[in-house]
Amino acid sequence: MSQLKNGSSQCSWTSICIVLLLMSMARGALSTNYGEALTNSLLYFEAQRSGKLPSNQRVNWRGDSALRDGSDAHIDLTGGYYDAGDNMKFGFPLAFTTTMLAWSSIEMASQLKAHKEYENVLTALKWATDFLIKAHPEPNVLYGQVGDGNSDHACWMRPEDMTTPRPTYRIDAQHPGADLAAETAAAMAAASIAFTQSNPTYAETLVSHAKDLFEFAKAHHGVYQSSIPNAGSFYASSGYEDELLWAAAWLHRANDELDEDTYLNFLKEASNNGGPRTVFSWDDKFLGAQVLMAKLVLEGKIEGVEDLEEYKSNAEKFICNCAQKGSKNVKKTPGGLLWFLPWNNLQYTTATSFILSAYSKYLEAANASIECSNEKLEAFELLNIARAQADYILGSNPKSMSYMVGFGTNYPKRPHHRGASIVSINKDKTVVSCNEGFNAWFNNPAPNPNVLTGAIVGGPDENDAYGDERTDFQHSEPAPATAAPFVGVLAALA
């Protein structure tokens with residue numbers, strides 16, 4: 001309603017203002033759709049669960065799986081989430097997914113509560129953090145992967161039937177990974193804020209882990225795939241400086257005044273704050289740190305705020321580019337989708353849409369705007385850009401297809417996902433072997449037997465084309481890292 005408020009205060013009731021009113025009313029009428037999509041997005045996380053499923057599991061085509069994870073290292077590493085369409089647990093994108101779920105729950109808490117999804121978000125978040133806690137048994141030890149990526153990808157098996165090796169991989173002082181440790185610290189710190197009110201003891205546990213992991217990352221530099229080479233073919237990190245800033249930003253927000261200078265000084269003294277970014281993703285968190293620092297500048301509650309102005313400037317350059325009002329505007333498809341990279345483009349679109357939604361909130365609270373090439377960008381405009389992207393994802397696109405599985409009637413029927421593409425073990429307990437899965441299910445042109453409700457596929461190409469082919473994993477594979485920020489976007493819009 002902020003756009004209507006803006007419009008009505010600046011013009012008389014002319015035909016233009018009447019149009020604005022009708023547009024606002026139409027948007028309000030669509031809010032139930034955003035609410036339905038929000039509910040669906042949280043069901044997706046239940047479909048991705050690994051381990052012993054709880055009695056209140058709502059996605060009933062899934063069963064218990066990977067109950068011996070960690071046994072090779074004599075540690076319990078059951079639980080957590082499978083990565084995307086496979087049966088791997090990759091710690092690096094899992095930690096980013098956790099951070100974004102936490103950020104969604106923090107910024108959009110009131111909207112989530114209004115739509116009775118707040119507890120479901122915390123449940124989804126805790127399924128991740130419970131696993132991350134188990135994966136961090138010592139200050140300088142973090143288990144960052146379960147499963148062998150090569151053998152896993154060579155088989156097409158539902159998780160309940162897995163016979164592929166489940167080795168564990170870790171980083172430690174002798175085999176470091178500052179990016180993985182710092183991202184996990186960010187996840188723990190952000191989640192601690194989410195649980196502060198409902199479970200303060202758990203929140204304290206998370207903060208303790210976050211502090212240890214941040215110190216581990218600071219003391220032992222290096223990218224994690226040097227220590228866990230198996231991850232390099234799937235989620236190679238481009239560096240660790242961004243994760244260190246991201247972790248420090250979340251630890252600053254999570255900690256009390258006695259500790260805040262430690263993390264804020266780290267951010268102020270950093271030699272590289274990332275400059276203007278072109279994406280925000282599981283591999284590039286510079287923009288996230290910039291936005292969190294911009295929030296502090298806008299609030300004006302801390303001393304030495306001028307040392308953080310560059311963070312704010314770089315964050316706003318990215319936002320201007322998304323609004324097509326910058327010096328290096330983000331490409332858009334003919335249908336209006338923000339286009340970043342060919343592989344799973346929607347992961348960047350949902351993450352960007354969350355940034356726009358959150359920054360809109362920060363601007364509104366500060367009664368501020370963004371200056372883009374001598375043109376102002378108001379808070380309501382940021383939210384409208386996020387709304388346009390969400391609408392595209394949910395069906396307002398040239399194909400009239402929802403890229404969220406199970407939303408509407410025209411959505412992807414063949415997402416690249418092992419569990420969804422094979423008959424549920426609760427319907428047929430016959431084991432589906434590695435090769436049989438390919439022959440009987442992967443290469444089967446029929447729709448998936450199980451609807452992966454709430455999953456967001458990789459999305460269309462740069463010309464808005466999408467073929468809905470299970471074999472086209474570049475466009476048809478969904479990932480938790482895509483869905484997590486979209487939870488916050490949908491809550492902001494609902």
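Leaving aside its neighbours within four places in sequence, which residues is Trp103 in contact with?

What we have here is a predicted model, so local features need pLDDT of at least 70 and side-chain atom pairs count only at pLDDT 80 or more, while totals for chains, interfaces and linings use all residues. Residues are numbered from 1 along each chain as its sequence is written, and side-chain values use heavy atoms, with hydrogens and water left out.

Okay, back to Trp103. Its contacts, meaning heavy atoms within 4.5 Å, are Trp246, Trp250, Arg253, Phe280, Gly288, Val291, Leu292, Phe354, Ile355 and Tyr362. Trp103 sits in the largest nonpolar core, which has 150 residues, and together with Tyr359 it touches the most other members. By nonpolar core I mean a set of buried Ala, Val, Leu, Ile, Met, Phe, Trp, Tyr and Cys residues joined through side-chain atoms within 4.5 Å. And buried means under 20% relative accessible area, exposed means over 50%, and partly exposed is in between, using a 1.4 Å probe and protein chains only. Helix H8, residues 178–195, gives the most to this core, with 13 residues. Apart from that core there is another one, of 6 residues, including Ile422, Val423, Val432 and Phe442.

When I say helix or strand, those are DSSP runs, numbered from the N terminus: helices are H or I with at least four residues, strands are E with at least two.

Let's look at some strands, then. Take S2, residues 141–146: 6 of its 6 residues are buried. What does S2 pair with? Strand S1, residues 89–90, is joined to S2 by 2 bridges, and they run antiparallel. S2 is also joined to strand S3, residues 168–172, by 5 bridges, again antiparallel. For two strands to pair, DSSP has to find at least two bridges between them.

Next, the cysteines. A disulfide is a covalent bond between the sulfur atoms of two cysteines. In practice the search takes a pair of cysteine sulfur atoms within 2.5 Å, and over the whole structure it finds 2 disulfides.

One of them joins Cys155 to Cys434, with S to S at 2.0 Å. The torsion about that S-S bond is about -95°, so this disulfide is left-handed. Cys155 lies in the loop between helix H7 (149–153) and S3, and Cys434 lies in helix H18 (residues 434–442), so the pair ties together parts that are 279 residues apart in sequence. Both Cys155 and Cys434 are buried.

Then there's Cys320 with Cys372, with S to S at 1.9 Å. That link is left-handed too, with -80° about the S-S bond. Cys320 is in helix H14 (residues 309–322) and Cys372 is in strand S6 (residues 370–372), so here the parts tied together are 52 residues apart in sequence. Cys320 and Cys372 are buried as well.

Cys322 counts as buried because its relative accessibility is 2%.

Now for His416. The UniProt annotation "active site", from an unreviewed entry, covers His416. A word of caution: UniProt positions are given in the numbering used here, feature names are shortened, and annotations may be inferred rather than shown by experiment. His416 lies in the loop between helix H16 (379–393) and helix H17 (418–421). Buried or exposed, which is His416? Its relative accessibility is 8%, so His416 counts as buried. Not counting residues up to four places away in sequence, His416 touches Gly85, Trp156, Phe442, Arg470, Phe473, Ser476, Glu477 and Pro478.

Ser402 is found in the loop between H16 and H17. With a relative accessible area of 2%, Ser402 is buried. A polar atom of its side chain lies 3.0 Å from the backbone oxygen of Met404 and one lies 3.4 Å from the backbone oxygen of Phe407.

Last stop, Lys218, in helix H9, residues 200–219. Lys218 counts as partly exposed because its relative accessibility is 31%. Leaving out residues up to four places away in sequence, Lys218 touches Leu244 and Phe266. That's my tour, thanks!

Notes:
A polar contact is a pair of N or O atoms within 3.5 Å; within protein, one must be able to donate a hydrogen and the other to accept it, and residues adjacent in sequence count only if both atoms are side-chain atoms.
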